[in-house]
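Open the model in a viewer and keep the selection tool at hand. The stops below say what to select next and what is there.

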Amino acid sequence: MAKTKSNLNKEHESFATFKRIVRYDEMIASGTYPNVQDFRREFKVSEATVHRDLDALRWQFGAEFLLEYDRFHKGYYYTRPTFRIPGHLTTSKQIIAARLMQNLIESLHGTPLYNQAIEVFANFSDNIEPDTQITLGKELSKKICFIGMEPVQISNEIWDSIETSLAKNQYITFDYSFYDGNEQTQKYTIAPWQLLYYQGMWSLYGKDLKEKKAKFFNLPLISNVEVRKENFEPPKESDYLKQAKGNFGRYIGSETFNFKIRINRDITANYIKTYKWTDDQKFETQSDGTVIMTFSSNQYYPVLNWIMSQGQWITPLEPTQLVEEWKENVKGMYKNI
């Protein structure tokens, strides 16, 4: 059913109000102490309209305890100078970006951050409704999705404890179970460095104080968490992205290998070339039509798994250790035929 003239007028009025509030926010954040008369001159509206807009700025856009009137300067200011309303999402493409970020944030599903993140991005985009291009942008964003593993469920208690320890750089103790079916757990005390998300799994990356080395702990296997009072200083190696050389999986090995593989099919080669696996990857086409790929990485086992996943279309050439393990896996699979 077509919208009535009355509904269209309301939408345009709502959007006009929003645009005024965005401008109020800019003027207040500039530190020039604008007042009601300044706002009236800017938009040629009544004093009552300005006061309604300022009420909306307070109660609908988060400035409830931050917007104050300075009697000396005779104008408005923010008690927190860094405060800004999410008012710059005013174009179709920006709305699409916000909506896609909302879709991507689905990876937080099952954690306490999920609802908070959804609320933030929904506020960014849902406050801007009437403009036709923006509405089209919203519709387009619904037709772009991210496909991946369903995120694991993490209890609020465990997540909050880990979040606290990460924020305050405090040691953490917990019980950890394993995938071997044994119900017994092992107690760990670690210096937590980062939370990592990979293929639906959240894991905690940190230093095991007993073994004195970095480890990964999958959050669903963690229980009985205790945040210690002792603090630590995160070392340089606490940043996973700076330590991992490659994008083959969640893994950091103690040794970096130089890999050389032969890609035996054009379609596979073209597919692999579209991704950035490592910073130093190179591809050379051979006279027989195959492609030689070389790269270095400290993710040895994820690289082996990746090669196995490509089946007959990839043959490892170097290092020798990789070639031998690949052969053993192929022989083992052949026995099961």
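Start by selecting K327 and E324, which form a salt bridge with their closest N and O atoms 4.0 Å apart; a salt bridge here is a side-chain nitrogen of Lys or Arg within 4 Å of a carboxyl oxygen of Asp or Glu. This is a predicted model, in which local features need pLDDT of at least 70 and side-chain atom pairs count only at pLDDT 80 or more, while totals for chains, interfaces and linings use all residues. Residues are numbered from 1 along each chain as its sequence is written, and side-chain values use heavy atoms, with hydrogens and water left out.

K327 and E324 are three residues apart in helix α11 (residues 320-335), so about one helical turn separates them. Helices (H or I, at least four residues) and strands (E, at least two) are DSSP runs, numbered from the N terminus. K327 has a relative accessibility of 36% and counts as partly exposed; E324, at 41%, is partly exposed as well. The classes are buried for under 20% relative accessible area, exposed for over 50% and partly exposed in between, with a 1.4 Å probe and protein chains only.

How many salt bridges does a search of the whole structure find? The search finds 12. Select E211 and K213 for another of them, with the closest N and O atoms 3.6 Å apart. E211 is partly exposed at 39% relative accessibility, and K213 is partly exposed at 45%. Then go to E230 and R228, a salt bridge whose closest N and O atoms are 3.9 Å apart. Here E230 has a relative accessibility of 40% and R228 one of 27%.

Select N218, found in strand β6 (residues 213-218). Is N218 buried or exposed? N218 is buried, with a relative accessible area of 10%. Show its surroundings: leaving out residues up to four places away in sequence, N218 touches Y176, Y179, M201, W202, S203 and R250, where contact means heavy atoms within 4.5 Å.

**Aromatic pairs**

The whole structure holds 31 aromatic pairs. Rings of Phe, Tyr and Trp (its six-membered ring) pair if their centres lie within 6.5 Å; planes under 30 degrees apart count as stacked, over 60 as edge-to-face and the rest as tilted. Select Y24 and F43: the ring centres are 5.9 Å apart and the planes stand at 75 degrees, so this pair is edge-to-face. Y24 lies in helix α1 and F43 in helix α2, 19 residues apart, and the pair links these distant parts of the chain. Y24 is buried at 0% relative accessibility, whereas F43 is partly exposed at 28%.

Next select Y205 and F216, with ring centres 4.9 Å apart and planes at 20 degrees, so the pair is stacked. Y205 is in strand β5 (residues 201-208) and F216 in strand β6, so the pair ties together parts 11 residues apart in sequence. Y205 is buried, at 3% relative accessible area.

For a cluster, select F248, Y251, F257, F259, Y271, Y275, W277, F295, Y300, Y301 and W306, which ring pairs link together.

**The cores**

A nonpolar core is a set of buried Ala, Val, Leu, Ile, Met, Phe, Trp, Tyr and Cys residues joined through side-chain atoms within 4.5 Å. Which residues touch the most other members of the largest nonpolar core? They are F39, L54, L57 and L67, out of 21 residues in this core. Elements giving two or more residues to this core are α1 (5-29), α2 (36-43), α3 (47-59) and β2 (75-78). The largest share, six residues, comes from α1. Select L54: apart from its neighbours within four places in sequence, L54 is in contact with Y24, F39, L67 and Y76. A second, separate core has 20 residues, including I263, W277, M293 and I314.

To finish, select strand β9 (residues 282-285) and strand β10 (residues 291-297), which pair in the antiparallel sense over four bridges; two strands pair if DSSP finds at least two bridges between them. F283 has M293 in β10 as its bridge partner. β9 and β10 form a hairpin with five residues between them, and G289 in the turn has a positive phi of about 95 degrees.
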